[in-house]
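I opened the file to look up a handful of things and write them down in order.

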Amino acid sequence: MIDRIIHEPARFRLMAHLYVVESADFLFLMRQTELTFGNLSSHMTKLEKAGYVKVVKEFMGRKPHTMLALTKKGKGAFDLYRKEMKGALELPED
Amino acid sequence: MNLKYTERDAWRMAHCLDGLIDIFLGAVFLWFSINIFLNWDNLGLAIMALLVAGHVLAKKYVIGPRLGHVKFGRVRRKKVLKANLLLFGSAMLGGVFLLLSKFSFMGLPEFSLVAVILPITILVVLGLLAWYTDFPRLYLYAVMLAISFAVFVMIKEAAGVRTGAFAITATSVFMVCVGAVNLFLFLKRYRTPHD
């Protein structure tokens with residue numbers, strides 16, 4: 001069964017970008033995915049509610065900074081999604 | 001969507017797109033060639049420190065607020081470590097090379113040794129650095145710098161050191177210009193979020 005949360009194109013892009021890096025902040029994800037602030041925010045909320053994305057608070061110098069990263073559950077869900085999509089698109093054998 | 005390319009594009013966006021590295025490398029070689037004309041050897045360290053500080057500050061205060069921040073994974077960090085080791089190794093090699101260039105080596109006159117080894121070293125080191133850092137423009141710079149250093153060594157005997165240095169000056173000015181154009185396009189495209 002295809003994961004509906006990841007299957008949505010914008011969320012898929014977000015998951016893919018977070019999958020290949022350790023963490024990224026909101027602005028970097030905006031630049032990478034070319035989503036608007038509002039769009040990104042609403043998709044992030046859905047991913048966070050599903051437990052796929054976590055918010056990491058850290059300090060950059062003296063300023064607090066929010067980074068986003070995939071959770072273990074999120075990584076597992078994305079791996080499974082990749083596997084299922086590969087299987088779904090496979091041609092039948094002769 | 002290819003995940004490998006996604007990671008590479010994120011890396012290039014974070015480190016190569018803004019043109020700062022082109023400006024920094026160009027400025028380092030430009031300083032080298034200017035120094036041939038002016039012989040300001042005692043200013044070398046101060047100029048290098050100024051260039052590094054300028055690069056770091058521009059990255060932090062100009063690029064950071066426009067692009068955001070990212071931390072790369074283990075594979076990328078390994079590549080960066082390899083690039084740093086390569087830079088360290090090449091600095092060591094440069095020291096050995098400098099010593100060798102002072103003497104005749106294996107019966108070869110100083111001129112042949114420098115003309116052959118220096119461009120090859122530049123080509124190999126910058127080529128590998130381009131590979132490890134996924135920075136395609138660096139391949140072009142590697143070839144251009146290798147040629148300009150070969151030209152410098154070959155014509156400095158006949159036409160004088162200063163004439164020879166023009167090849168390096170031209171290449172480094174080209175690098176700075178490419179960087180400036182990239183920086184301009186970057187600043188035009190990515191404004192700070194509150195602009």
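Confidence. The lowest mean in chain A, 84, belongs to strand E2 (residues 53-60), and the highest, 92, to helix H2 (residues 9-20). Over the whole of chain A the average is 88, and 99% of the residues score at least 70. I kept one caution in mind: where pLDDT is low, predicted coordinates should not be read in detail.

Chain B layout. I then listed the elements of chain B and found 7 helices and 1 strand. Read from the N terminus, their order is α-α-α-β-α-α-α-α. Chain B has 195 residues, of which 39% count as buried. I also looked at sequence separation: of the contacts in chain B between residues at least 6 apart in sequence, 75% join residues at least 24 apart.

Cysteines. How many disulfides does the structure hold over all chains? I found 0. I checked B:Cys16, whose closest cysteine sulfur is that of B:Cys177, and the two are 19 Å apart. A disulfide needs the sulfur atoms within 2.5 Å, so B:Cys16 is too far from B:Cys177 for a bond. Looking from the other end, I noted that B:Cys177 is in no disulfide either, its nearest cysteine sulfur being that of B:Cys16. Are these cysteines buried or exposed? B:Cys16 has a relative accessibility of 7% and counts as buried, whereas B:Cys177 has 43% and is partly exposed.

Interface, extent. Next I turned to the contact between chain A and chain B, which takes 22 residues from chain A and 23 residues from chain B. The size of an interface is often given as the accessible area lost when the parts come together, so I looked that up too. Chain A and chain B bury about 1800 Å² between them, with 65% of that area on carbon and sulfur atoms.

I counted 3 salt bridges across the interface of chain A and chain B. I also noted a salt bridge between the side chains of A:Glu58 and B:Lys71, with N to O at 3.0 Å. On the chain A side, at least two residues each come from H2, strand E1 (21-25), helix H3 (26-33), E2, strand E3 (63-70) and helix H5 (72-88). Of these I marked H2 of chain A, which gives the largest share of the side that touches chain B, 6 residues.

Backbone. Last, I looked up positive phi values outside glycine. A:Glu34 has a phi near 60°. I placed A:Glu34 in the loop between H3 and helix H4 (37-49) of chain A; at 59% relative accessibility, A:Glu34 counts as exposed. In chain B I noted B:Asp134, which is not a glycine and has a positive phi of about 50°. B:Asp134 is in the loop between helix H5 (110-133) and helix H6 (137-159) of chain B. With a relative accessibility of 15%, B:Asp134 counts as buried.

Notes:
Residues are numbered from 1 along each chain as its sequence is written. Chains are lettered from A and ligands numbered from 1 in the order in which they are written. This is a predicted model: local features need pLDDT of at least 70, side-chain atom pairs count only at pLDDT 80 or more; totals for chains, interfaces and linings use all residues. Side-chain values use heavy atoms; hydrogens and water are left out. pLDDT is the predictor's confidence in each residue, from 0 to 100. Helices (H or I, at least four residues) and strands (E, at least two) are DSSP runs, numbered from the N terminus. Buried means under 20% relative accessible area, exposed over 50%, partly exposed in between (1.4 Å probe, protein chains only). Contact means heavy atoms within 4.5 Å. Buried area is the accessible area (1.4 Å probe) that two parts lose on being put together, summed over both. A salt bridge is a side-chain nitrogen of Lys or Arg within 4 Å of a carboxyl oxygen of Asp or Glu.
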